Amino acid sequence: MKALSGWITAALLSLASSAHAAEPAALATQLLDRLDAGQYAAAEADFSPQMKAAVPAEKLKSVWESLPAQMGPAGPRGSAVTSEADGFRIVVIPLHYANGGLQARIVLDQDDKVAGFLVQPAAAAPAPPPAADASVIEQDFSVPASGSASAPLPGTLTLPKGKGPFPAIVLVHGSGPQDRDETIGPNRPFLDIARGLAAQGIAVLRYEKRSHARPQDFKGSFSVDDETTNDAVAAVSALAGNANIDPRHVYLLGHSQGGLLAGRIAKAANGKLAGLVLLAAPARPILDLLAEQNRYMLGLDGTISAEDQAQLTALDAAIANVRGNPEARLMDVPGRFWQQLEAVDPIADARDSTLPVLVLQGGRDFQVIDTDWQLWNKGLQGERYRFRHYPALNHLGIAGEGKGSLEEYARPGHVDPALISDIALWIKAQR
């Protein structure tokens, strides 16, 4: 079976309440053993009622059997690590495949039932600090809580060595839970951009996305502002108030969904931004891109089988459902969120910001494609807009060859230095 990819690649389901009985690692291992054996009905029998409703055996089969198609043949699993949070037992088991690593995160309730199941990229080791002789330094930086948020977010400020104040830029993540480096497999595009720009005299703030740092805050209904906008505005404001930073020259780089929301963030920032950088930014509704991405991935071998088409038809139905019902959920994200995100007009928002804008696009990006690039070029015309296209780059700004695919994200690479230099030159030109 070919992989069914999505804007967010995971199956994250609801949680319940707790106290315990059986050994959690043994229960989690039993679940994975049943999945490996193709015993999907037996695996479903271990689910809580909410899980059974959200992920019946058929859907579980589709998700599990898609993994080798994306990652290559499975190898031995790693050792289970067990923890507790909010009374739940959480077991994380590394999954080794020929083309990279994933991890299974299994949440158990008080009845020893599986109340949450997520397959996600393996957690990356912390990035090594800059070398002692590097031209940059890094400091911890806290992004204050904003809006309805109850806690600040941890971040990192990367500074050029020397005397400031420096121009600076805030990095805003793409969709889904993301760490401060926007880690995807062995790749850390935000780390590359931060250190690359700081080496050219520009300070960079990157921070943990709230849905990554505080997933417990996203169990019910939430808005795009709760997930992204409010924290980005708080980051801009806090950075502008830092003694090392020139407050007249604070910029924002939005990657993917972060680029789609950049104009919205600029409006909420109340004049604190000096310009926007849009990297691989969608110009169309996110749910249109979600359907498009899945059709692309399922058709990479040149065919769409009957089973593939059934998956696409089911996805189309789920998209139609969340578009019409704010209480429906897609990938465990409420319809109200999707509807709000689809109401965003990124091109109009960028124009209305009245800020200079730099638009960057990779030619091998299969998530945000040439259609979006052409819409940005058509929609933003005038002296305050600049465009850079990189034929060899993928959605992460990393060079490669051939058709883009999910497997490419599992191979180590670095953001293209030319792209980073273009951002630095554009920021310096604004001064």
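Colleague: In which helix is aspartate 372 found?

Modeller: Please note at the outset that the model is predicted. Aspartate 372 is found in helix 14.

Colleague: Why is aspartate 372 called buried?

Modeller: Its relative accessibility is 0%. A residue is called buried under 20%, so aspartate 372 counts as buried. Beyond its neighbours within four places in sequence, aspartate 372 is in contact with Ala281, Pro282, Ala283, Arg284 and Leu289.

Colleague: How many aromatic pairs does the structure hold?

Modeller: The structure holds 8 aromatic pairs. One of them joins phenylalanine 218 and phenylalanine 222, with 4.9 Å from centre to centre and 85° between the planes.

Colleague: Are phenylalanine 218 and phenylalanine 222 buried or exposed?

Modeller: Phenylalanine 218 has a relative accessibility of 11%, and phenylalanine 222 has a relative accessible area of 9%. Both values are under 20%, so both residues are buried. Phe218 and Phe222 also belong to one aromatic cluster with Phe337 and Trp338.

Colleague: Why is the pair of tryptophan 373 and phenylalanine 387 called edge-to-face?

Modeller: The ring centres are 5.8 Å apart and the planes stand at 80°. Since the angle is over 60 degrees, the pair of tryptophan 373 and phenylalanine 387 is edge-to-face. This pair links distant parts of the chain, for tryptophan 373 lies in helix 14 and phenylalanine 387 in strand 14, 14 residues apart. Tryptophan 373 has a relative accessible area of 10%, and is therefore buried.

Colleague: Why is helix 11 called roughly perpendicular to helix 12?

Modeller: The axes of helix 11 (residues 306-324) and helix 12 (residues 335-343) come within 7 Å and cross at roughly 85°. Angles from 65 to 115 degrees count as roughly perpendicular, so the term applies to helix 11 and helix 12.

Colleague: Which residues make the contact between helix 11 and helix 12?

Modeller: Helix 11 contributes Val322, Arg323 and Gly324, while helix 12 contributes Gly335, Trp338, Gln339 and Glu342. By class, the contact has 2 nonpolar, 3 polar and 2 charged residues.

Colleague: What is the average pLDDT of the protein?

Modeller: The average is 89, and 94% of the residues score at least 70. Over residues 1-21, however, pLDDT stays under 50.

Note on methods:
Residues are numbered from 1 along each chain as its sequence is written. This is a predicted model: local features need pLDDT of at least 70, side-chain atom pairs count only at pLDDT 80 or more; totals for chains, interfaces and linings use all residues. Side-chain values use heavy atoms; hydrogens and water are left out. Rings of Phe, Tyr and Trp (its six-membered ring) pair if their centres lie within 6.5 Å; planes under 30 degrees apart count as stacked, over 60 as edge-to-face and the rest as tilted. Buried means under 20% relative accessible area, exposed over 50%, partly exposed in between (1.4 Å probe, protein chains only). Helices (H or I, at least four residues) and strands (E, at least two) are DSSP runs, numbered from the N terminus. Contact means heavy atoms within 4.5 Å. pLDDT is the predictor's confidence in each residue, from 0 to 100. Axes are lines fitted to C-alpha atoms, for helices over the stretch in contact, and angles run from 0 to 180 degrees between N-to-C directions. Angles under 35 degrees count as roughly parallel, over 145 as roughly antiparallel, 65 to 115 as roughly perpendicular and the rest as oblique. Ala, Val, Leu, Ile, Met, Phe, Trp, Tyr, Cys and Pro count as nonpolar, Asp, Glu, Lys and Arg as charged, and the others, Gly among them, as polar.
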